[in-house]
Amino acid sequence: MRKTSLFFLSFSLLTCALAQDIHFSQYNQSYLNLNPAATGQFDGDYRFNGNYRNQWSSISEPFLTYSVSMEAKGLIKKLPQLDMGIVLYQDEAGLGDLKTTNAMLSLAYSKKLNSDSTFLIRGGIQMGLLARSINFQQFSFDRQYQNGGFDSNLDNGEDFVRDGFSSFNFNAGIASEYRIEQRKSFTLGFSLFNLSQPNQSFQGSNIPLDLRSTFYLSSDYYLSEKMDLLPSILYSRQGKFKETVIGSNLRYRMSSSGFYKRNVYGGVWYRNADAIIVSTGMDYNQWQVGLSYDINISDLDVASNNRGGLEIAVTYIFKEFKPIIRRYKVCPKFL
């Protein structure tokens with residue numbers, strides 16, 4: 001029991017020293033965590049998005065990640081190209097309830113590069129607070145073992161400087177979208193996270209959070225009247241850690257007319273040297289729901305029994321009805 005607790009304490013403190021950002025297998029449906037420039041990149045007026053990930057529950061305490069975001073397009077009438085949003089996520093890791101919470105304001109500005117608006121470029125920024133905390137009471141220490149037993153009320157003899165802190169954080173990104181026709185488009189994006197490199201140490205020393213860079217390319221490609229191919233690739237790097245994800249969904253259109261949609265999805269993805277990801281989902285009018293599961297194929301598969309992470313993504317897009325007002329000239333009436 002003591003060895004297990006000390007292991008998790010060491011693991012939690014190592015996680016603090018070599019901290020990584022959150023990641024979602026369904027990164028294409030976690031928009032503001034992918035790129036600040038994705039703010040407002042949708043057909044509608046408001047977008048609400050939620051993500052949930054449960055990872056490694058078969059090994060220890062599960063790693064849980066939650067994220068919610070909300071976006072609005074053109075709130076400032078004099079700046080219709082400026083879109084705004086907010087994103088909040090929380091990550092819980094291990095026995096000691098190591099928590100990372102991030103709350104950001106997201107802004108993006110779009111610019112048309114041709115007359116018919118088929119080629120757009122967007123730049124975005126995010127700013128806010130990154131907070132981390134840990135519960136040292138969840139661990140057990142040598143001094144708490146007396147007379148052959150364990151007593152959690154005994155002093156652990158450790159002098160921890162702090163069990164929580166918060167820091168300013170800043171992200172930026174750029175994205176371009178090229179729409180060949182209604183059902184053929186390409187999106188290219190690049191983003192940088194943790195530009196302010198907030199300190200991650202619980203012990204008072206300076207351990208900055210590494211900069212994370214992310215590059216991605218995705219496409220929505222027409223195959224037939226009922227079928228579309230949705231391939232994408234993502235490459236992300238943070239410190240010495242790298243992640244590459246490549247794969248595709250296949251969309252079957254049961255019916256589609258304006259906001260009346262009935263589509264289903266299915267696909268397979270590969271995360272380099274880590275997992276095979278199977279995904280499914282559907283569109284139902286303004287709703288989009290995605291479900292995925294990571295099948296672990298790394299060296300950890302002996303302990304995980306090939307189990308990885310369950311993930312759910314939900315998106316709702318609201319579009320205001322704008323009546324078309326036609327104005328006609330009044331003809332004079334002659335007698």
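A38 counts as buried, at 6% relative accessibility (buried means under 20% relative accessible area, exposed over 50%, and partly exposed in between, with a 1.4 Å probe and protein chains only). This is a predicted model, in which local features need pLDDT of at least 70 and side-chain atom pairs count only at pLDDT 80 or more, while totals for chains, interfaces and linings use all residues. Residues are numbered from 1 along each chain as its sequence is written, and side-chain values use heavy atoms, with hydrogens and water left out.

**The chain overall**

- The protein chain has 3 helices and 16 strands (DSSP runs numbered from the N terminus: H or I of at least four residues for helices, E of at least two for strands).
- Of its 335 residues, 41% count as buried.
- Take the contacts between residues at least 6 apart in sequence, and 56% of them join residues at least 24 apart (contact means heavy atoms within 4.5 Å).

- A38 sits in the loop between α2 (31-34) and β1.
- Setting aside neighbours within four places in sequence, A38 touches Y31, L32, R47 and E71.
- A38 and I174 are 136 residues apart in sequence, yet their C-alpha atoms are 8.3 Å apart in space.
- A37, with neighbours within four places in sequence left out, is in contact with A108, R122, G123, G124, G173, I174 and A175.

**Nonpolar cores**

- The largest nonpolar core has 9 residues: Y27, L34, A37, A175, Y216, L234, V245, W269 and I277 (a nonpolar core is a set of buried Ala, Val, Leu, Ile, Met, Phe, Trp, Tyr and Cys residues joined through side-chain atoms within 4.5 Å).
- There's also a second, separate core of 7 residues, including I134, F136, F139 and F141.

**Two buried polar residues**

- S279 belongs to strand β14 (residues 275-284) and is buried, with a relative accessible area of 12%.
- The side chains of S279 and W269 are joined by a polar contact of 3.2 Å (a pair of N or O atoms within 3.5 Å; within protein, one must be able to donate a hydrogen and the other to accept it, and residues adjacent in sequence count only if both atoms are side-chain atoms).
- Beyond four places in sequence, S279 is in contact with N249, G266, G267, W269, L291 and S292.
- N171 is part of strand β8 (residues 164-181), and is buried at a relative accessible area of 1%.
- The N171 side chain reaches the backbone nitrogen of N194 at 2.9 Å.
- Apart from neighbours within four places in sequence, N171 has contacts with P36, M104, G124, I125, Q126, L192, F193, N194 and L195.

**The cavity**

- The structure holds 1 cavity of 30 Å³ or more (on a 1 Å grid over the protein atoms alone, a cavity is a set of points where a 1.4 Å probe fits but cannot get out, and lining residues have an atom within 4 Å of a point).
- The largest cavity has about 40 Å³ of space (the volume is the space filled by probe spheres set on the points, with grid points joined across faces, edges and corners).
- Its lining is made up of R53, Q55, W56, R271, D274, A275, D294, N296, G308 and G309.
- The elements giving two or more residues to that lining are β1 (46-55), β15 (287-296) and β16 (307-318).
- By type, the lining divides into 2 nonpolar, 4 polar and 4 charged residues (Ala, Val, Leu, Ile, Met, Phe, Trp, Tyr, Cys and Pro count as nonpolar, Asp, Glu, Lys and Arg as charged, and the others, Gly among them, as polar).

**Loop residues to look at**

- Q197 isn't a glycine, but it has a positive phi of about 45 degrees.
- You'll find Q197 in the loop between β9 (184-193) and β10 (212-222), partly exposed with a relative accessible area of 39%.
- N285, another residue other than glycine, has a positive phi near 55 degrees.
- N285 is placed in the loop between β14 and β15 and is partly exposed, at a relative accessible area of 23%.
- For background, most residues other than glycine have a negative phi.
- Q182 lies in the loop between β8 and β9 and counts as exposed, at 70% relative accessibility.
- Q182 and D220 are 38 residues apart in sequence, and 9.6 Å apart in space from C-alpha to C-alpha.

Notes
1 Å grid on protein atoms, 1.4 Å probe; cavity = no way out; pocket = protein on both sides within 12 Å on 5 of 7 lines; lining within 4 Å.
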